[in-house]
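Subject: Structure for you to look at

Hello,

Here is the structure I promised to hand over. Please open it first, then read the notes below with it in view.

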Amino acid sequence: ALLMNGAALSAKGTELAGKIAATTGAKLFADTFVTRIARGNGRVDVERVPYFGEQAAEVLAPYRHLILVGTKAPVTFFAYPGKPSELTPENCTVHTLATPTDDGIAALEALVDALGAGKQVPAFSKGALPAVGRGALTPESIARTLGASLPDQCIVVNEAATSGFMIPAMTAMAAPHDWLDLTGGAIGQGLPTAIGAAVACPDRRVLALEADGSGMYTVQSLWTMAREQLDITVVLFANRKYAILQVELMRVGAGNPGRKAMDMLDLSRPNLDWVSLAKGMGVPATRATTAEEFNAQLARSLATRGPSLIEAVL
């Protein structure tokens with residue numbers, strides 16, 4: 001298997017990796033968190049290593065050689081009591097084709113040449129789009145609608161956290177797009193990253209998938225979006241809690257942490273009003289409580305220049 005990150009996950013990099021896979025039968029993986037990855041219909045699909053260590057270990061278990069391209073050997077996100085932190089199988093040899101500071105594209109090109117794979121045709125993604133979500137507004141219904149609605153060459157900035165686990169699978173066959181992700185443990189990077197992407201690529205729509213807890217770290221980004229009139233659609237997942245931190249609290253063996261500890265991870269009493277927060281900073285905003293409301297609001301936002309925010313109440 002090849003495990004990749006950095007430039008290796010650009011459209012050119014994944015196509016080169018696809019030639020290698022078509023020639024050798026190697027499996028293509030990307031790190032759980034990537035700086036940027038080219039995805040969508042007509043591009044080479046690269047599977048992400050799962051977030052949770054147990055799932056990651058199961059996915060990597062069949063492989064006897066792990067070739068690193070622009071990354072390091074995989075480890076768990078946290079150090080969990082009584083569980084291994086290193087995810088490489090015991091009987092698997094790790095090979096470094098390119099370190100994170102090397103030229104990953106050049107390394108892949110050299111390997112393609114060495115294999116005589118230059119004329120090989122990669123396995124490009126192709127398939128039907130999902131149907132838009134219907135009925136209750138859930139992470140799944142939102143993921144379906146996003147998969148059916150992504151504009152061509154959209155830049156997706158993902159900080160949806162627990163609300164976004166289904167989105168990668170549902171957008172695999174969407175129009176070609178670039179995906180920017182969290183790369184470390186700090187939350188709050190989603191909205192500023194969306195600003196950077198919109199400034200860098202003013203001809204492309206930016207879709208910011210933002211958890212409410214993460215969004216509160218950098219809520220002032222909304223004011224910059226309004227001031228610069230950036231073409232950013234913010235989908236704000238409002239589940240009223242730091243859900244990923246609640247999950248991790250259990251996984252590190254905290255047991256029953258008690259009311260006061262859980263209050264630290266709760267965003268209710270009072271609930272955040274993201275429509276008011278956005279409007280107060282100059283960003284038009286709406287609230288969706290059903291899939292049909294969300295579908296209509298997303299379509300309207302994607303068709304309108306400038307920033308807007310949709311508070312998706314889960």
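By class, eight nonpolar, five polar and two charged residues line the largest cavity. Please keep in mind that this is a predicted model.

Cavities

Two cavities of 30 Å³ or more turn up when the whole structure is searched. The largest cavity has a volume of about 100 Å³. Its lining is made of 15 residues, and Ala161, Ala211, Lys241, Tyr242 and Ala243 are the closest to its centre. Helix H7 (212–215) and H9 are the elements that give two or more residues to this lining. H7 gives the most, with three residues.

The second largest cavity holds about 60 Å³ of space. Among the residues lining the second largest cavity are Ile37, Ala38, Arg39, Gly40 and Arg43. By class, that lining has five nonpolar, two polar and three charged residues.

Pockets

The largest pocket has a volume of about 890 Å³. It is lined by 33 residues, and Thr32, Phe33, Tyr51, Asn158 and Phe165 lie nearest its centre. Several elements each supply at least two residues of this lining, including strand E3 (36–39), strand E7 (154–159) and helix H9 (243–251). H9 gives the most to the lining of the largest pocket, with three residues. By class, the lining of the largest pocket has 19 nonpolar, seven polar and seven charged residues.

The second largest pocket has a volume of about 430 Å³. Of the 19 residues that line the second largest pocket, Asp31, Thr32, Phe33, Pro74 and Val75 lie nearest its centre. Ten residues of that lining are nonpolar, seven are polar and two are charged. Look for Thr32 and Phe33 in particular: they are among the residues nearest the centre of the largest pocket, and also among those nearest the centre of the second largest pocket.

Aromatic rings

The structure holds nine aromatic pairs. One of them joins Tyr51 and Phe52, which are edge-to-face, with 5.0 Å from centre to centre and 75° between the planes. Tyr51 and Phe52 are both buried. Why does the pair of Phe78 and Tyr80 count as edge-to-face? The ring centres of Phe78 and Tyr80 are 6.3 Å apart and their planes are at 70°, and planes over 60 degrees apart count as edge-to-face. Phe78 is partly exposed, at a relative accessible area of 33%, whereas Tyr80 has 6% relative accessibility and counts as buried. Phe33, Tyr51, Phe52, Phe77, Phe78, Tyr80 and Phe165 form one aromatic cluster.

Leaving aside residues up to four places away in sequence, Leu207 touches residues including Leu146, Leu150, Val156, Val235 and Leu298.

Lastly, is Glu311 buried or exposed? Glu311 is found in strand E12 (residues 308–313). Its relative accessibility is 0%, and it therefore counts as buried, the limit being under 20%. Apart from residues up to four places away in sequence, Glu311 touches residues including Leu236, Arg240, Asp273, Trp274 and Arg287.

Regards

Methods
Residues are numbered from 1 along each chain as its sequence is written. This is a predicted model: local features need pLDDT of at least 70, side-chain atom pairs count only at pLDDT 80 or more; totals for chains, interfaces and linings use all residues. Side-chain values use heavy atoms; hydrogens and water are left out. On a 1 Å grid over the protein atoms alone, a cavity is a set of points where a 1.4 Å probe fits but cannot get out, and a pocket is an open set with protein on both sides within 12 Å along at least five of seven lines; lining residues have an atom within 4 Å of a point. Grid points are joined across faces, edges and corners, and a volume is the space filled by probe spheres set on the points. Helices (H or I, at least four residues) and strands (E, at least two) are DSSP runs, numbered from the N terminus. Ala, Val, Leu, Ile, Met, Phe, Trp, Tyr, Cys and Pro count as nonpolar, Asp, Glu, Lys and Arg as charged, and the others, Gly among them, as polar. Contact means heavy atoms within 4.5 Å. Buried means under 20% relative accessible area, exposed over 50%, partly exposed in between (1.4 Å probe, protein chains only). Rings of Phe, Tyr and Trp (its six-membered ring) pair if their centres lie within 6.5 Å; planes under 30 degrees apart count as stacked, over 60 as edge-to-face and the rest as tilted.
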